[in-house]
2 protein chains.
Amino acid sequence: MKLKELSALLGLSQTTISRALNGYPEVNEDTRQRVLKAAEETGYKPNKAAQRLATGKAGSIGLIMPTAPEHSSDMHFAEFQAGLADAAINRDFHFVIMPAHRENEEQAIRWLVGSSSVDGYYLAYMKAADPRIALAKSLRLPFVVHGRSIGLDEDYPYLDVDNEGAFFNATQLLLQLGHRRIALLNGPAELDFAARRKLGLEKALAQAGAALDPLHVRHSFMGDEQGYRGMREILSGPDRPTAVLCASTVLALGAVRAMNEAGLKLGRDMSLIAHDDELPLLKPENFLTPLTTTRSSLRAAGKRIGERLIAMINRDSPEPPMQELWKAELVLRASTGPAPRDR
Amino acid sequence: MKLKELSALLGLSQTTISRALNGYPEVNEDTRQRVLKAAEETGYKPNKAAQRLATGKAGSIGLIMPTAPEHSSDMHFAEFQAGLADAAINRDFHFVIMPAHRENEEQAIRWLVGSSSVDGYYLAYMKAADPRIALAKSLRLPFVVHGRSIGLDEDYPYLDVDNEGAFFNATQLLLQLGHRRIALLNGPAELDFAARRKLGLEKALAQAGAALDPLHVRHSFMGDEQGYRGMREILSGPDRPTAVLCASTVLALGAVRAMNEAGLKLGRDMSLIAHDDELPLLKPENFLTPLTTTRSSLRAAGKRIGERLIAMINRDSPEPPMQELWKAELVLRASTGPAPRDR
């Protein structure tokens with residue numbers, strides 16, 4: 001039984017039937033009951049595309065939600081999702097979210113695409129030479145990469161922040177203030193953005209004839225506990241650094257706590273620059289000593305990726321891959337100051 | 001063209017065809033190309049249920065994501081979602097998320113259910129006499145309410161925290177410590193949980209012959225800015241309170257900042273009890289003065305609701321509505337102390 005036949009049977013327009021089945025208020029209750037009864041008796045199953053047509057609903061964006069029982073919920077993921085929603089809501093797009101363990105992400109993509117429940121999707125948490133990019137290219141559904149993947153040709157559509165440039169600039173500022181021993185509280189080592197931020201730090205140090213001490217580097221999930229533990233270990237180790245770069249304001253929250261405990265005054269005894277994703281909960285200007293940051297809005301990135309995906313989906317034709325690299329802004333506040341003299 | 005006919009046409013099993021269309025690695029590339037070509041030529045559209053059968057994927061949970069351009073991303077929503085993912089991941093469930101403005105939530109539910117893209121869903125951010133409950137009951141798809149709705153019979157399936165009991169207990173602790181003027185930084189006034197927390201405070205005060213001063217109450221989105229502004233206003237107003245209840249540790253973060261600025265020492269000049277959803281980013285024990293809290297894990301609630309939904313969906317039959325009311329735990333830390341003498 002097709003919508004057309006049901007329409008003929010009931011003497012109602014296809015739009016009315018779709019709306020009745022979708023419970024839209026424009027259809028009165030008697031008609032709705034009549035349609036429901038007929039649909040049940042004839043075994044009519046509404047066709048998704050027809051429904052969308054009738055209701056004006058457009059489509060869906062797929063995303064993989066990395067998860068694990070021992071994992072914390074991730075503010076960064078939530079903020080990006082809020083940006084996607086900003087883009088989706090006015091175009092009547094919705095999301096199909098597949099929770100997946102890291103090792104099952106390729107399978108999750110295959111499932112998302114194969115289920116025909118999404119019209120496009122994005123990839124995030126990119127690794128070096130990430131195999132998901134070749135997979136996505138082979139699947140012929142619009143996709144955008146959030147981030148990039150070191151070691152692969154950049155012939156895929158992406159939106160990334162210039163992570164290397166951001167931490168290069170941040171390091172130059174610290175070098176100009178006289179710092180030479182700079183620590184790094186970074187995101188997970190296998191992620192592309194973390195690798196590029198480390199590279200920015202290393203390149204700037206190398207230009208100044210200095211080097212990164214491996215003992216002053218921590219890679220972890222970007223929670224405040226991790227920032228606290230990493231900073232505490234580094235502070236109690238040899239050759240204490242005079243400054244630290246944090247890959248997130250969340251890591252900085254913990255790092256500042258460790259400094260307070262050690263009796264160090266931020267901006268005087270120790271300088272800190274954090275990357276600021278503009279998480280609404282953790283504004284760098286709200287820290288007791290406001291934080292100097294490299295700033296780039298994660299929500300704006302989510303919104304932009306949503307808009308690009310929707311444009312690709314609606315045009316319904318392959319686009320030349322568009323590459324966008326956003327510059328992070330260096331914002332000076334009180335957490336940076338001249339390097340203290342060696343004791 | 002049905003899967004069966006395509007199977008006969010190609011001389012391949014239905015499982016192989018489904019797997020080929022889903023891009024599963026078990027099927028070799030030649031076969032996959034053959035299937036894709038035949039599917040294209042014959043106009044075959046894979047049936048979702050058949051796909052699920054072939055891939056072992058089970059089903060989907062729908063949720064509404066409240067959003068607005070001016071809104072912040074919500075940690076509480078993210079943490080609940082992480083719990084849902086804990087439940088979903090082992091059962092191969094995924095989510096269909098509909099971003100919606102508050103005023104369009106009923107329409108969003110109708111759409112979710114009508115699209116046949118979800119097998120069950122949950123409702124959250126409940127209001128008094130919330131019309132979504134009657135709507136959900138009429139739609140005959142499994143649902144669970146997170147929270148409750150004051151003013152309606154409790155004949156629907158829900159999971160709620162005993163919000164009234166939590167703030168009643170918290171207030172009794174403050175009363176025993178000698179506090180009589182207690183402020184309240186609460187969630188949005190229209191939400192059920194906020195109404196119940198306020199009720200708990202009012203009832204405990206009334207029993208002690210005291211009353212809540214309307215000038216000492218703030219209702220807002222639960223961000224740290226809101227907590228800061230609310231506390232600052234209350235501190236600069238008349239009849240300064242000696243204690244405050246915060247509906248979230250996020251509000252408390254801002255409230256503590258306002259106290260610091262006013263030169264008040266937490267736990268001595270001013271007592272504070274916050275509701276702790278166990279947000280991994282904001283642990284009450286990590287505040288400079290650790291916070292006394294009423295504690296109930298939002299992630300555990302998300303997981304439990306996910307499990308209940310999946311059980312309801314898999315049994316594929318209506319359940320007697322199950323009601324669960326979780327007690328929050330009162331956890332004493334350093335932010336509560338005896339009321340200071342009146343100056």
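**Figure 1. Contacts and overall form of chain A.** In chain A, 70% of the contacts with a separation of 6 or more join residues 24 or more positions apart, a contact being heavy atoms within 4.5 Å. The model is predicted: local features need pLDDT of at least 70, side-chain atom pairs count only at pLDDT 80 or more, and totals for chains, interfaces and linings use all residues. Residues are numbered from 1 along each chain as its sequence is written, chains are lettered from A and ligands numbered from 1 in the order written, and side-chain values use heavy atoms, without hydrogens and water. The C-alpha trace of chain A spans about 90 × 40 × 30 Å along its principal axes.

**Figure 2. Strand E1 of chain A and its cover.** Strands are DSSP runs (E, at least two residues), numbered from the N terminus. E1(A) covers residues 59-66, and eight of its eight residues are buried, that is, under 20% relative accessible area with a 1.4 Å probe, protein chains only. A:Gly59, A:Ile61, A:Leu63 and A:Met65 point one way from the strand, while A:Ser60, A:Gly62, A:Ile64 and A:Pro66 point the other way. In chain A as a whole, 57% of the 343 residues are buried.

**Figure 3. The strands that pair with E1(A).** Two strands pair if DSSP finds at least two bridges between them. E2(A), residues 93-100, runs parallel to E1(A) over eight bridges; there, A:Met98 is the bridge partner of A:Ile64. E3(A), residues 120-123, is also parallel to E1(A) and is joined to it by two bridges. In E3(A), A:Gly120 is the bridge partner of A:Ile61.

Note on methods: Buried < 20%, exposed > 50% of the residue type's maximum accessible area, 1.4 Å probe, protein only. Helix = DSSP H or I, 4+ residues; strand = E, 2+ residues; numbered from the N terminus.
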